[in-house]
Amino acid sequence: MSTSVHPASPPGPPHPPLPRAVAPQSPAAPHILDNAAWAALTGPHAPLAERVGSAARYPLDVSPFTALADPADPRAWDDLAALVGPGTVTPVTGVQNAPDGWETVERGQGVQLVDTALRAEPDPEAVRLGPEDVPEILELIALTQPGPFLPRTIELGTYLGIRHRGQLIAMAGERLRPPGWTEISAVCTHPDHRGRGLATRLVRAVAAGIRGRQDTPFLHASAANTGAIRLYESIGFTLRRRSNFLLVRTPGGHQEETA
C-alpha cells in the first residue's frame, strides 16, 4: 500500500515586523492661566514680587495674592511659610487642601473667564485714574465690594473711571499679568448709577488697551456671583475653568491676620 506524500508548501512572505511600542504621551502642559498669579509674579510683575524659593507674593499694600510654583510640592508650602511668617493668614489659589499643620480659615470657589468674542473699544468718557485718585477709588470699592483693592493696587496696570459731576461713579482696571494675558479687575459701579451699562463700557475700554499690546483679556468672579458671570458671558467672555481658593494660616507663631 502506497502512501502519497504532499510536498511542503512554499514559504510565504516574511511576517511584517512587530510595531514598535508607542511611547506614552505626556499629559498636556498646564495652561499658564491655571497658575496665573505665579506666572504674573515671575513674569511682567516680577519687579513687584517678594519671593522665597517656590513661593511669591505682592507687597501687602499692592495685592493680597500669594502664589506657589507647584501647589502639590510640600517644599513650596515651606517657602510660603518662610515668606509670610508664622501664624499669618494668607490667601492661596488653585489648591484643594492645605498641608498638615496649616489651618484652613476659609474656603471659596471662583470662575475664570477668557475673552473669546468681546468687542473692545475705547470710551470717550473714560479717564485714566492715578495715585491721586486712590482715596476716591477706595471709597467706591468699600461701597461696591468688587474684591480687594489696596493703596498701591493701581501700580498693577491701567485703571479707568467714569465721573459724573466730578464724582467717580464707575471703574475697572488691570490686575494680574501672566505673559500674553491681562486680568480685568475692580469692575464696579456706584449703586445710584447702575443699569446704564457703565461697567460694560469700562470693560470694553480696558480690554482695548490690553489688546493694544497684544495681550488677551481674562477675568475672575466668585462662582456665587451668577449675575456678573451672565453679564460677562453676554459680552463675549467664555467660562474657562472653575477654581478653588483657600484662606490659610501658616503654622506656628501668634495668630495674627494680615491684610
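Which residues have the most contacts inside the largest nonpolar core? In this predicted model, they are Leu113, Ile184, Val187, Leu202, Val203, Tyr232 and Phe237, within a core of 26 residues. Two or more residues are contributed to this core by each of strand 5 (103-115), strand 7 (159-164), strand 8 (167-174), strand 9 (181-189), helix 4 (198-212), strand 10 (216-222) and helix 5 (226-234). Helix 4 supplies the largest share, with eight residues.

When neighbours within four places in sequence are set aside, Phe237 is in contact with Leu113, Val114, Asp115, Thr116, Leu118, Ile184, Val203, Pro217, Phe218, Leu219 and Tyr232. In soluble globular proteins, nonpolar side chains tend to be buried together.

Strand 2 (residues 55-57) and strand 3 are paired in the antiparallel sense over three bridges. They belong to an open sheet of three strands, arranged in the order 1-2-3 with antiparallel pairing. Strand 1 (50-52) and strand 3 (66-68) form the edges, each pairing on one side only. On average, and with direction ignored, neighbouring strands of this sheet are turned by 15° against each other. Helix 2 (residues 74-84) lies across strand 1, strand 2 and strand 3, and runs at about 40° to strand 2.

Notes. Residues numbered from 1 in each chain as written. Predicted model: local features only at pLDDT ≥ 70, side-chain atom pairs only at ≥ 80, totals over all residues. Heavy atoms only, no water. Pairing = 2+ DSSP bridges. Helix = DSSP H or I, 4+ residues; strand = E, 2+ residues; numbered from the N terminus. Axes fitted to C-alpha atoms, helices over the stretch in contact; angles between N-to-C directions. Contact = heavy atoms within 4.5 Å. Core = buried A, V, L, I, M, F, W, Y, C linked by side-chain atoms within 4.5 Å. Buried < 20%, exposed > 50% of the residue type's maximum accessible area, 1.4 Å probe, protein only.
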